[in-house]
Amino acid sequence: MSATHNRRSVITEEVAPWSDVPRLLRGGEAGTIVPVIIPRHLRRVWWMLPMWLGVFSVLAGVMLSLQNADSGAGDFAYGAMATLAYVLGVVFLLAGGLWWWRSSIVEIEQGTNGILTRYGAIVSTLDPGRHYLWHPWERVDFVVDTATEIPYSAPVVACPTQENVPLRSIEFFLKFRITDAVLFVRSIGAGNFDLVLSSAVQDAIRQRGRQVQTERAYDLRGSDVADMQDLLNRQLDRYGVRITGSNIPDVQLPAQYQQHLSTKERVAKERTAYEQEWGLTRKRRIDALGMEIERAKKVRDARIVEVKAALNQARERVAQLLEEQETEAQKVRFEIETRGRSGLISAENEARAQRRLAQAYRDNRAVLQYELARRRLDVGATLAGSAPQPIVVRTDGPDGGTDSSALTTLLTAQLLPRLTALPAAREAQGTLREALQSRDEG
């Protein structure tokens with residue numbers, strides 16, 4: 001880093017004529033910043049001299065006009081002198097008025113403000129343009145640049161880090177603008193503001209440096225310094241100054257750390273080279289794998305086509321087999337249906353025959369039951385007709401008495417059943433035999 005680049009900016013004010021105001025505000029001397037110009041006024045009260053001379057000449061002409069002369073020659077001489085006095089008075093008055101008008105013109109440069117004073121007291125500010133100061137004791141004491149963002153560079157030397165290692169320098173760059181010209185001129189001025197701004201920047205940068213490790217000091221370059229800018233704005237707001245931008249463009253480390261960083265950068269470059277080489281190798285391998293993958297995809301697609309073709313053929317064969325099986329099943333179903341219908345018809349016919357036979361059996365059974373009932377009635381009647389009848393055995397003796405001996409009673413009881421049972425039994429057996437034959441025939 002060159003010494004010129006590390007040079008601190010100097011804010012100052014200059015005393016210059018009005019013709020040099022634009023040059024000093026825009027450029028200034030080498031390494032200096034001039035935001036305030038004190039104009040060198042050529043305006044004096046000398047313009048009052050011709051004014052007073054003109055008034056005196058006019059008064060002298062009046063006095064000469066009022067002077068009475070004894071002869072015509074004296075009257076002519078007094079008239080000529082009065083005319084000359086009037087002419088001189090008018091000339092002096094015109095010259096004084098022109099001088100007064102010309103000395104009252106003040107032109108304020110664009111982007112600046114003029115501080116108007118009267119008897120040394122600040123009256124107001126003048127905007128850019130032409131102004132007329134008719135009061136003899138009014139003047140522009142300061143011309144302040146309020147539109148330009150003024151650059152300011154402040155390198156901080158031997159700034160300690162967190163490990164208390166002094167850095168060679170930290171360059172801090174900012175831009176500020178004067179927002180209140182009257183407050184700036186009345187409260188601090190350009191020269192004092194340079195000291196205040198330099199001190200505030202030194203403190204802010206040293207506070208930031210204390211927060212950074214030495215090995216990471218280069219991280220300060222281009223880092224966010226919004227907090228530092230806010231701090232400086234709070235400090236400089238009382239002076240009518242606003243910082244519009246700031247950054248840290250450069251940081252210089254001690255020699256040993258620079259050597260360490262150079263070694264670190266060399267290692268980083270070698271690492272980058274190795275990473276690039278590995279990246280190329282990895283890319284080649286990835287390309288080879290990609291080609292293999294594409295080849296495998298093509299083989300897979302061909303096999304998929306073959307499988308799809310085989311699958312279509314299998315589907316066609318399955319469909320054909322299904323059609324054949326369906327035809328065979330239809331044939332079997334028709335045969336089964338035909339056999340079932342014929343069996344159903346024969347079963348229905350057989351059922352009808354059985355139903356009719358059952359009906360005949362029912363009819364024959366009713367007839368038989370009727371015949372059997374009728375036969376039963378006949379047998380009953382026959383049995384009733386052949387039932388034993390009481391026999392009265394008289395046991396009266398010859399003399400009209402009753403023979404009640406035991407022997408007589410016993411003989412009677414044994415003979416009576418035999419006598420009554422023989423004809424009836426024969427008739428009943430014949431009737432029962434005829435009924436059974438009739439049932440067997442039915």
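Q: What makes phenylalanine 172 the partner of alanine 154?
A: A bridge links alanine 154 to phenylalanine 172, which lies in strand 9. This is a predicted model, in which local features need pLDDT of at least 70, side-chain atom pairs count only at pLDDT 80 or more, and totals for chains, interfaces and linings use all residues. Residues are numbered from 1 along each chain as its sequence is written, and side-chain values use heavy atoms, with hydrogens and water left out.

Q: How do you know that strand 8 and strand 9 pair?
A: Two strands pair if DSSP finds at least two bridges between them. Strand 8 and strand 9 are joined by 10 bridges and run antiparallel, so they pair under that definition. Strands are DSSP runs of E with at least two residues, helices are runs of H or I with at least four, and both are numbered from the N terminus.

Q: How many residues lie between strand 8 and strand 9 in their hairpin?
A: There are 5 residues between them, and asparagine 164 in the turn has a positive phi of about 65°.

Q: Why is strand 8 called largely enclosed?
A: Buried means under 20% relative accessible area, exposed over 50%, and partly exposed in between, with a 1.4 Å probe and protein chains only. In strand 8, 8 of the 11 residues are buried, so the rest of the structure largely encloses this strand.

Q: What does leucine 174 touch?
A: Not counting residues up to four places away in sequence, leucine 174 touches residues including Ile150, Tyr152, Leu197 and Ile243. Contact means heavy atoms within 4.5 Å.
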